[in-house]
Amino acid sequence: MNTVIFACVHNAGRSQMAAAFFNAMAAPDKARAVSAGTQPGERVHPEVQAAMAEVGIDLSGAKPQRLTDELAQGAQWLITMGCGDACPHVPSLKRGDWPLEDPKGKPVERVREIREEVRTRVASLIAREGWERACSSS
């Protein structure tokens, strides 16, 4: 099982969207995602919850969490989400950095654009690593 950690500072926007899309799109027997932050917020941003609900993903129960050594143990990837110098570093993990704008406080139109960029990047990662869900044949 491959584990991908999506990390940003507050774990309340970009990383939550990425993990949710990843777990919806990737084959659950091949890979899973978790999200975390270096300074977790109190809750997922309401504008992020609303934008994700528009595409059928419910983040109302998602809780920001701290990126810890225990959480990183056993992971293969760390994808940071444009947090610059505040991005975490976990030795021995494959790394990626997606320079994405923080959706906090943005108008809904901009949050939707960020959401779609996150979805596109997640789909590309899944395809590149061969973690797609199998298509069912009828």
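## The protein as a whole

Of the 138 residues in this protein, 44% are buried. Please keep in mind as you look around that the model is predicted.

Four helices and four strands make up the fold. Read from the N terminus, the elements follow the order β-α-β-α-α-β-β-α. The radius of gyration is 14 Å, close to the 14 Å that the globule rule gives for 138 residues, so the protein is as compact as a globular protein of that length.

## Extent, surface and contacts

Taken along the principal axes, the C-alpha atoms fill a box of roughly 45 × 40 × 25 Å. The accessible surface of the protein comes to about 7100 Å², and carbon and sulfur atoms account for 48% of that surface.

Contacts also link parts of the chain that are separated in sequence. Among contacts between residues at least 6 apart in sequence, 69% join residues at least 24 apart.

## Strands β1 and β2

To get from β1 to β2, the chain passes through helix α1, residues 14-25. This β-α-β crossover is right-handed.

## Val 118 in helix α4

Next, follow the chain to helix α4, which spans residues 108-129 and contains Val 118. The relative accessible area of Val 118 is 0%, and because buried means under 20%, this residue counts as buried.

Which residues does Val 118 touch, not counting those up to four places away in sequence? They are Arg 14, Met 17, Ala 18, Phe 21 and Leu 100. Met 81 is 37 residues from Val 118 along the chain, and the C-alpha atoms of the two are separated by 9.5 Å.

## Arg 115 in helix α4

Helix α4 also holds Arg 115. Is Arg 115 buried or exposed? With a relative accessibility of 8%, Arg 115 counts as buried.

The side chain of Arg 115 makes a polar contact of 2.7 Å with the side chain of Glu 116. Leaving aside neighbours within four places in sequence, Arg 115 is in contact with Met 17, Phe 21, Ala 51, Met 52, Glu 54 and Val 55. Met 17 and Phe 21 are also among the residues that Val 118 touches.

How values were computed: Residues numbered from 1 in each chain as written. Predicted model: local features only at pLDDT ≥ 70, side-chain atom pairs only at ≥ 80, totals over all residues. Heavy atoms only, no water. Helix = DSSP H or I, 4+ residues; strand = E, 2+ residues; numbered from the N terminus. Buried < 20%, exposed > 50% of the residue type's maximum accessible area, 1.4 Å probe, protein only. Contact = heavy atoms within 4.5 Å. Right-handed = clockwise from strand over helix to strand, strands pointing away. Rg over C-alpha atoms; globule rule 2.2 N^0.38 Å. Areas by Shrake-Rupley, 256 points an atom, 1.4 Å probe, with all protein chains shown as cover. Polar contact = N/O pair within 3.5 Å; in protein donor to acceptor, adjacent residues only side chain to side chain.
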